[in-house]
Amino acid sequence: MATELRDHPPAQIEASGAVTGFLARNSLLVALVCVLGSTLLALAPELLVADSWMTLVAGREIARDGLPSNEVLTVIPFGREWTDQQWLAQAVFYGADALGSLRLAVLLDVALVTVTFALGVAAARRRGASARSTLFVAAACVLVAPWSWQLRAQALALPLFVLVLMLASEDTRRPRPRTLLALPLVAIWANLHGSVLLGAGIVSLAGLFGLGKRLRGSPGAPGIGRSLLLAVAPWACVLVSPYGFALVDYYRLMLVDSPVSKVIVEWQAPTPTGWYIVFFAVAAATVAVALWQRRRLSLFDLAVIAVTLAGSLRSGRGIVWFSLAVLVLLPVALDGVFGSKEVPIRRRLGIVLGAGSVALLAVSTVVVAARPVSWYERYWPEEALRAVASAAAREPGRRAVYPSDKHADWLLWKLPELRGRVAFDVRFELVTAAELRSLVLYKTLEPGWDAVTRGYRVVVLDPDDTPEHRAALVRQGARVLYATGSAVVLALPTGSGP
């Protein structure tokens, strides 16, 4: 025994015991997080969407020419002011690609999503929720907004949302100095994604609740100065960006009078169809549990759930923030339904399950990291790129390619020579309402649709989005250069110019 103790110092034995104890108590939660990460790795090619390519293209622009101020990538909004609020997220993902190719950028996205859920589970447990209730809520939240796990600037904001919510929620119960860490987190967030307004609102709300406690003379209430700081400072942090006060107009455009919400499905209110059914089911269950067990939740918790739910009902893009808020806040209320007593699992079984899940995630990471870059891009045909490049090379003018919104930034990323020669991309905030209407006119084949592509040499179609366009363009003399289920490339007649 003495030899064994000498070989394993007390600190090492204690640390080992803490790890095994944690795995035993949280084995199913560890397994859920690791299975989520492993699943995302297996589905890595599915994580690349139009926004992914836009993030990389913008990151390359920043690395090449510094922060953008005017649009230079596309034809329709060329020369207009471009307030690139997400510049830091774009630079991070482009840096990952530059260091380790697209492979590293995708692995970074998977890590961010997995860490976000791990933080959400940890936050729920810190609030006193049982492992059982946390497991039920976390399993539901994983399914609420799976499209939000794709590679895009938003991925870097996900863990910040959980951290800010955790700090603010804890502060409303017991004010602590570390809550002020939320302010630099919001300042960083302000350069990553526009959802920073939600983060600032959460911190500000915590400050207002603290101020209310002080005015009511509640015991343990924070000081007025501290509460005012938390209430006001987050909004100043939102402007901690190279773009400064120019962001005010940007947020006004995106949130108040954006034409994007009228034509882009993701920006519109969700309806109980398709995958949105999961969201509505979880939302209904959340409201029922929160009202039933409202004494287990603070007014702050209820306010955050209400605000994020309202944002989700206004726009499908907001559903992810509701799901993360529910992950952090609801499990302690669910304990009121199930009982807060922990349901023990056999220690050895828990350790094996937890350790095995971690091993699965580690092996999955190694296997997926060893895949060639072509595997990640398997839904984006290389042959289509060659067809576009060859046809566009014959067009000396600026109007070279009229793309689908799915393919626009992919073309810009893979064919840098198309910079400034593609009609538009997914930064729809740069185009006017009239121009957006013309894009819709083209997609729906309404009278006059063919005039939209006039002057372009190449048209790229998404067969799933516009199945009738190929035949319609061929009838007008277009020649098919490439066609599969993922992309169709057509060369327009040379007489189709203006």
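This is a predicted model: local features need pLDDT of at least 70, side-chain atom pairs count only at pLDDT 80 or more; totals for chains, interfaces and linings use all residues.

**Entry 1**

I then asked in what order the strands of the open sheet lie. The four strands follow the order E1-E2-E4-E3, and the pairing is mixed. E1 (401–402) and E3 (479–483) stand at the edges with a single partner strand each, so one side of each has no neighbour in the sheet.

Going through the other pairs, I noted that E2 and E4 are antiparallel and share four bridges, with Val460 taking Val489 of E4 as its bridge partner. E1 and E2 (residues 458–461), by contrast, run parallel and are joined by two bridges, and here Val401 stands opposite Val458 of E2. For my own reference, strands of a sheet pair through backbone hydrogen bonds, in either the parallel or the antiparallel sense.

Which way do the residues of E4 point? Val488 and Leu490 point one way from the strand, whereas Val489 and Ala491 point the other way, and all of them are buried. I also looked up what lies across the sheet, and found helix H17 (residues 382–392) across E1, E2, E3 and E4 (488–491), running at about 150° to E3.

**Entry 2: H13 and the helices packed on it**

I took H12 (residues 299–314) with H13 next, where the packing angle is about 155° and the axes are 8 Å apart. The two helices are therefore roughly antiparallel, the cut-off for that class being over 145 degrees, and their crossing is left-handed. On the H12 side the contact is made by Asp301, Val304, Ile305, Thr308, Leu309 and Ser312, and on the H13 side by Ile319, Trp321, Phe322, Ala325 and Leu329. I sorted the residues of this contact of H12 with H13 into eight nonpolar, two polar and one charged.

How does H11 (residues 276–292) pack against H13 (residues 319–329)? The angle is about 40°, with the axes 11 Å apart, and H11 and H13 are therefore oblique to each other. The crossing of H11 past H13 is left-handed. From H11, Tyr276, Phe279, Ala283 and Thr286 meet Ile319, Phe322 and Val326 of H13. In this contact of H11 with H13 I list six nonpolar residues, one polar and no charged.

**Entry 3: H4 against H6**

The axes of H4 (residues 87–126) and H6 come within 8 Å and cross at roughly 15°, which makes H4 roughly parallel to H6. H4 passes H6 in a left-handed crossing. The contact draws on Leu112, Val113, Thr116, Leu119, Gly120, Ala123 and Arg126 of H4, together with Leu158, Pro159, Val162, Leu163, Met166 and Glu170 of H6. By class, the residues of the contact of H4 with H6 are nine nonpolar, two polar and two charged.

**Entry 4: H7 and its cover**

How many of the eight residues of H7 (residues 182–189) are buried? Six are, and I therefore record the helix as mostly covered; the buried ones are Ala182, Leu183, Leu185, Val186, Ala187 and Trp189. What covers these buried residues includes H6 (158–173), H8 (196–216) and H9 (224–237).

**Entry 5: Phe209**

My last entry concerns Phe209, which I located in helix H8. Its relative accessibility is 24%, so Phe209 counts as partly exposed. Setting aside residues up to four places away in sequence, Phe209 touches Thr172, Leu299 and Phe300. I also looked up Leu28, which is 181 residues from Phe209 along the chain, and the C-alpha atoms of the two are separated by 35 Å.

Definitions and conventions
Residues are numbered from 1 along each chain as its sequence is written. Side-chain values use heavy atoms; hydrogens and water are left out. Axes are lines fitted to C-alpha atoms, for helices over the stretch in contact, and angles run from 0 to 180 degrees between N-to-C directions. Angles under 35 degrees count as roughly parallel, over 145 as roughly antiparallel, 65 to 115 as roughly perpendicular and the rest as oblique. A crossing is left-handed if the near helix is turned anticlockwise from the far one by less than a right angle, and right-handed if clockwise. Contact means heavy atoms within 4.5 Å. Ala, Val, Leu, Ile, Met, Phe, Trp, Tyr, Cys and Pro count as nonpolar, Asp, Glu, Lys and Arg as charged, and the others, Gly among them, as polar. Two strands pair if DSSP finds at least two bridges between them. Buried means under 20% relative accessible area, exposed over 50%, partly exposed in between (1.4 Å probe, protein chains only).
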